[in-house]
Amino acid sequence: MKLTGKAKEDFSYKYNMSNFNEYSEVLQNALIIEFFDSLGIYILITDFDDYDFWCEFKGLSYSILGKTRQEAIEQAIIKANEIYNERNII
């Protein structure tokens with residue numbers, strides 16, 4: 001699983017998914033993004049020359065380029081996980 005710390009713990013509690021790692025990477029990412037959305041941490045992928053992800057939490061915004069859409073999503077999830085664990089939401 002890509003999540004760590006409090007984010008992983010709270011995600012596992014909310015979704016109670018013992019077989020999460022058996023899902024495709026696309027489905028895993030969608031569920032993680034939905035989890036963060038429900039907490040006000042939004043991941044938006046926008047297409048410029050490269051892919052650019054935008055992660056926002058209560059007025060704080062982060063922008064990092066990825067060479068592929070998948071890379072941008074992965075980086076966004078890593079950053080959202082970091083924000084969640086630092087802020088200790090819920």
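Leaving aside neighbours within four places in sequence, which residues is E74 in contact with? I opened my notebook with that one. I found K2, E25 and N29 on the list for E74. Contact here means heavy atoms within 4.5 Å.

**Ground rules**

I am reading a predicted model, in which local features need pLDDT of at least 70, side-chain atom pairs count only at pLDDT 80 or more, and totals for chains, interfaces and linings use all residues. Residues are numbered from 1 along each chain as its sequence is written, and side-chain values use heavy atoms, with hydrogens and water left out.

**Confidence**

I looked up pLDDT, the predictor's confidence in each residue, from 0 to 100. The mean for the protein is 83. I noted that 83% of the residues reach 70 or more. Strand β2 (residues 51–57) has the lowest mean among the elements, at 68. Helix α2 has the highest, at 93. Where pLDDT is low, the predicted coordinates should not be read in detail.

**Layout**

I counted three helices and three strands. Helices (H or I, at least four residues) and strands (E, at least two) are DSSP runs, numbered from the N terminus. Their order from the N terminus is α-α-β-β-β-α. The protein has 90 residues, and 36% of them count as buried. Buried means under 20% relative accessible area, exposed means over 50%, and partly exposed lies in between (1.4 Å probe, protein chains only). I also checked the contacts with a separation of 6 or more: residues 24 or more positions apart account for 46% of them.

**Helix α3**

Next I went along α3, residues 69–87. The helix has 19 residues and reaches 27 Å from its first C-alpha to its last. That is close to the expected 27 Å. The expected span is 1.5 Å times one less than the number of residues. Its buried residues are A72, I73, E74, A76, I77, K79, A80, N81, I83 and Y84.

Why does E74 count as buried? Its relative accessible area is 19%, and the cut-off for buried is under 20%. The E74 side chain also makes a polar contact with the side chain of N29, at 3.5 Å. I wrote down the rule for a polar contact: a pair of N or O atoms within 3.5 Å; within protein, one must be able to donate a hydrogen and the other to accept it, and residues adjacent in sequence count only if both atoms are side-chain atoms.

K79 is also in α3. K79 counts as buried because its relative accessibility is 16%. Not counting residues up to four places away in sequence, K79 touches F53 and Y62.

Is E71 buried or partly exposed? I found E71 partly exposed, at 32% relative accessible area. From E71 to F53 I noted 18 residues in sequence and 9.4 Å in space, C-alpha to C-alpha.

**Helix α2**

Q28, N29, L31, I32, I33, F35 and F36 are buried in α2. The buried residues of α2 pack against α1, β1 and α3.

**Aromatic rings**

How many aromatic pairs does a search of the whole structure find? It finds seven. Rings of Phe, Tyr and Trp (its six-membered ring) pair if their centres lie within 6.5 Å; planes under 30 degrees apart count as stacked, over 60 as edge-to-face and the rest as tilted.

One of the pairs is F11 with F35: the centres are 5.4 Å apart and the planes at 90°, so the pair is edge-to-face. This pair links helix α1 (residues 5–15) to helix α2 (residues 25–37), with F11 and F35 24 residues apart. Both F11 and F35 are buried.

I then followed F35 to Y84. Their ring centres are 5.7 Å apart and the planes at 50°, so this pair is tilted. F35 in α2 and Y84 in α3 are 49 residues apart. Both F35 and Y84 are buried. F11, Y15, F20, F35, F36 and Y84 form one aromatic cluster.

**Nonpolar core**

Last, I looked up the largest nonpolar core, which has 21 residues. A nonpolar core is a set of buried Ala, Val, Leu, Ile, Met, Phe, Trp, Tyr and Cys residues joined through side-chain atoms within 4.5 Å. F11, I32, F36, I43, I77 and Y84 touch the most other members. The elements giving two or more residues are α1, α2, β1 (41–47) and α3. Helix α3 gives the most, with seven residues.
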